[in-house]
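Hi there,

Here is the structure I promised to pass on.

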Amino acid sequence: MKPVDAGSVERVVLHVDLDQFIVAVELLRHPELRGRPVLVGGSGNPKERGVVAGASYEAREFGVRSGTPLRTAAARCPEAVFLPADRETYLAASADVMAALREVGGILEVAGWDEAFMLVDTEGAEFTARSVQRHVRERTALACSVGIGDNKLRAKLASGMAKPAGVFRLDMSNWVEVMASRPTDALWGVGAKTAKKLAARGIATVGDLARTAMADLAGEFGPNIGPWLVALAHGYDSTPVTDEPYQARSHGREVTFQKDLRDEAEMRSEITRLSRVVADDLAVEDALARRVVVKVRDSRFATHTHGVSLPAPTREADAIERAAQTALGWFPLDRPVRLLGVRAEIARAAS
């Protein structure tokens, strides 16, 4: 890496985002598929139920994204190659990438299996970002995009603008130029529902939101969220980059059935199985659950959740199962069920 001159050093946040991560890992095993539309998900059989876990850029041109049902993906992109998902391989690849990033220096915050923030002191941010890209590729053969910012929010947004395999800088100096005309859901943290509520108030763009008085949104969104939304529109983010070990906010497992379940006893049996798998996941991560959430998707694709708070943080399988069974009992279950899921929300790391 280029040496730092104490007289010209600047501190920046980098957001490193692996490009089409799941597909990219598969392409290392199947290089003959490069340049073709590739979709990863489920058992790899588009005639079975399941959703896309990863889509190559070539497949995305046909309107296929993560979460698209496999059958829908096959209809939209009949030339696609379907591959089964291999979670353990992706986790191993992620670990290799994070190890490579730690070799670069600075403070590294793992934000997920395919992304991380880095706080670095550098003489040239773009040069450092390119060095990070080269280092990751040399160590793992995977490509990444790097966003440069003066905080985590701006770095995160910048990496999206850098895709694929590029570098983009978004900071105070170009924030208004780049972001003002974009829709409010372009902001990290603003989802479709919030954007719809803002639009109903005549707030359609980031610039509109930035010009809104914080007090005007406090009534509808609350005294904390309302002002926070306006702050986002100005690009403000005081969240520090931390090297504390990454811990997911939740651990969940779900299953899409090839034939809808109609018998409640079968549903409860599946909830038991999923609960115990989730408990095993918690044990591996040395984590405790504070709440258990059950997801049910019926034959009409209506999806609902119910959650149960635990009396005390735990990873005991019996306690998680009891909570999940209680949550399942709150559903009417009057329609055939195509998907069940159990998610444990994390309380804290176990000591």
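The notes below go through the helices, then some glutamates, then the backbone.

This is a predicted model, in which local features need pLDDT of at least 70 and side-chain atom pairs count only at pLDDT 80 or more, while totals for chains, interfaces and linings use all residues. Residues are numbered from 1 along each chain as its sequence is written, and side-chain values use heavy atoms, with hydrogens and water left out.

**Helices**

Helices (H or I, at least four residues) and strands (E, at least two) are DSSP runs numbered from the N terminus. Let me start with H1 (residues 21-29) and H4 (residues 87-104), which pack at an angle of about 95 degrees with their axes 10 Å apart. Axes here are lines fitted to C-alpha atoms, for helices over the stretch in contact, and angles run from 0 to 180 degrees between N-to-C directions. H1 and H4 are therefore roughly perpendicular to each other (65 to 115 degrees; under 35 counts as roughly parallel, over 145 as roughly antiparallel and the rest as oblique). On the H1 side the contact (heavy atoms within 4.5 Å) is made by Phe21, Ile22, Val25, Glu26 and Arg29, and on the H4 side by Thr89, Tyr90, Ala93 and Ser94.

Helix H11 (residues 225-233) is mostly covered, with seven of its nine residues buried. Buried means under 20% relative accessible area, exposed means over 50%, and partly exposed is in between (1.4 Å probe, protein chains only). The cover over the buried residues of H11 includes H6 (152-162), H7 (175-179), H8 (192-200), H9 (206-210) and H10 (214-221). After H11 comes glycine 235, with a positive phi near 85 degrees.

Helix H13 (residues 317-328) reaches 16 Å from its first C-alpha to its last, close to the 16 Å expected at 1.5 Å a residue; the expected span is 1.5 Å times one less than the number of residues. Nine of the twelve residues of H13 are buried, so this helix is largely enclosed by the rest of the structure.

One of the buried residues of H13 is Glu321, which has a relative accessible area of 17%. Leaving aside residues up to four places away in sequence, glutamate 321 touches Thr272, Ser275 and Arg276.

Glutamate 270 sits in helix H12 (residues 264-285) and is also buried, at 15%. Its side chain is joined to that of arginine 273 by a polar contact of 2.4 Å. A polar contact is a pair of N or O atoms within 3.5 Å; within protein, one must be able to donate a hydrogen and the other to accept it, and residues adjacent in sequence count only if both atoms are side-chain atoms.

Glutamate 48, in the loop between strands E2 (38-40) and E3 (54-55), is partly exposed, with a relative accessible area of 29%. The side chain of glutamate 48 makes a polar contact of 2.6 Å with the side chain of serine 43.

**Backbone**

The peptide bond from lysine 163 to proline 164 is cis, with omega near -5 degrees. Proline 164 is in the loop between H6 and strand E8 (167-170). Alanine 165 lies in that loop too, and has a positive phi of about 60 degrees although it is not a glycine. Glutamine 20, again not a glycine, has a positive phi of about 35 degrees; this residue is found in the loop between strand E1 (10-18) and H1.

Best wishes
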